[in-house]
Amino acid sequence: MPGARHKILGHVLSGFCHKVNRRKPLYGDAMDTPLNRCLTTLDITLLGVGHMVGAGIYVLTGTVAKNMAGPATALSFLLAGITSTLAALCYAEFGTRIPRAGSAYAYTYVSIGEFWAFIIGWNIVLEYMIGAASVARAWSGYLNAMLDNAISNATISITGEMHESLLSRYPDVLAFLICIVASLILAVGVKTSAYINNGLTILNLLVITLVIFLGFYYADPTNWSEKNGGFMPFGVSGVLAGAATCFYAFVGFDSISASSEEAKDPSRSIPIATILSMAVVGSGYILVALALTLMVSYKNINPDAALPAALGAVHADWAKYAVAVGAVCGMTTTLLGSLFSLPRCLYAMSADGLLFGFLSDINNKSQIPIANLIISGFSSALIALFFDLEKLVEFMSIGTLLAYTIVSAAVIILRYRPVPAIDDKVFGTPQLESPCDREDSSATGTPGTDGGSSSSEMFEALTVGRLRLQYAWLEPLAGGRAPGAVVTSCVYTFTVAAAALCAHNHFLAEPAGLWALLPDFTLTFVIVACLFVIWAHQQSPARLPFRVPWVPLLPAASVILNVELMINLNALTWARFAIWMTFGLLLYFLYGIHHSKLGEGVTGLLSRSASGGGHDSGGWGAVEKTSAIARRVGRFARGGKGDDRKPIICDDELSRRDP
């Protein structure tokens, strides 16, 4: 009987480990999609710029300067911009590898596994939904401030006030209607909505240029003097807290990767649009923050309408109307960007079977998921109706930072994985077989025949994920495992150590002697050691239209900065995030894990192996589907390398137990 229990437990655990770690293979032509591939590089660039330049520049700048960082808000935007740019480069590489809707969700599914992909997808849904709701509230609040609170006073007189900490002071009916109207605009079709977005974004950029010029023209350096608190009145902690909030202003760049499945040439458009949009938006935010705090003292900033109030203070009243036009345009494009990306993420998750099937239905005429868009717009409208803007922004940041962290880590993992991650039919690059990708494999891969391939490139392709020759002395420590496995373990260890280091420094208010620094030294050593071991392995030589430079250093820096910003978010934000994740995990384990398209035809054990030796078994983005943990549990349960399909309790064992 103990043997039977071991077998039952082994089969259950092995099947469970296989399901949560299975990775998505992408077969066939990556450009084939039911969506409409009609967006140019300019369309996608302006989509990213429009999504990022909106409520952040007109509302968030004043809030952070007033309550968190003062004139050093520019440094907060700089830090948040650098962190976002590092993550954006990782997104750009994945966008050239996987031109599909779903953004970080799709990237994680291919590179890490289904469970983490669902976690990221669930958080992206939160990001876009709250992003749309918060922008709608900012749009409404901005108009309310311009009308001397006429809208809020009229609403309160009818509905009364809501006295809950998480809820807003009054139900924002205007914000609700704004979300509905934006959804109707997007329902017309992706190309028409792109034209509208392009026009509004260009007008918004012209207004921002005017604000920057006027800000420096009316600049008063005494607003940065010591009598007014100096340049950094809240200290370094204020700059970091401001950066964690300012990060919200840059989250729109992932709408660029969300549009991959509707781009005409995603391998070229996605990286160009990512780099251009981040450069334009980062420069704009920093210059506006400097201009605002030079015009007026941070103590006198009106957080609800910072720029119009500042321009009024320097007697440039005529410019307030231009700012009002720019604010309306900017917040409208940000709202359109969020409501554009949200249905694409839900569509990708539904198409994979992790969410309800009707969410992936595409309208034949508009070639967009109409039912999906209606649900997305209405959900965002309900959130905008009842919840407070500041709480929404903080709540959104944590999920976004988690997604950026995992995407950055996934770039390192995929760069050292021997299985080819791109399709030669799509990008014209040579297919290189992996020398050792499956369990107990001893076959040597054969490089594809390509007249331009050198012998050194072939050798690199055959040694991807293995130690370089000059680091052979690490073989006792890192040898004996499948190619890429050591790098994956080091990435996990590095991420945990970075989180522990950031948390230790955040919660340790004052160092208490040398012993208090010992954890810092230990964790720093672990981080450096992990990076060194990763560096000692051979990277994939696969040629891509865009590759993140300085791997693993640049993605590792992105991971550390994202984790640092997550640690600086307050405890209530983490508590709300835990509640959201609880609902997500229930949905995954009660529905998604059982309806996943990767589970179709699987008997429930470790029976999903590559069938046949054709191209599809090692298709574009295909990776080994059975995790190392699942294999070990399966071996333990079987007691050897027997067939997975053998009965859990055989007839001989039953006869031996019969009296």
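A residue is called buried under 20% relative accessible area, exposed over 50% and partly exposed in between (1.4 Å probe, protein chains only). The structure is a predicted model, in which local features need pLDDT of at least 70 and side-chain atom pairs count only at pLDDT 80 or more, while totals for chains, interfaces and linings use all residues. Residues are numbered from 1 along each chain as its sequence is written, and side-chain values use heavy atoms, with hydrogens and water left out.

The protein contains 25 helices and 0 strands, taken as DSSP runs (helices H or I, at least four residues; strands E, at least two) and numbered from the N terminus. Of its 659 residues, 56% are buried. Among contacts (heavy atoms within 4.5 Å) with a separation of 6 or more, 83% join residues 24 or more positions apart.

Leaving aside residues up to four places away in sequence, Y58 touches Y142, N204, V207, I208, A306, L307, V323, G326 and A327.

M232 lies in the loop between α9 (190-217) and α10 (235-246). With a relative accessible area of 35%, M232 is partly exposed.
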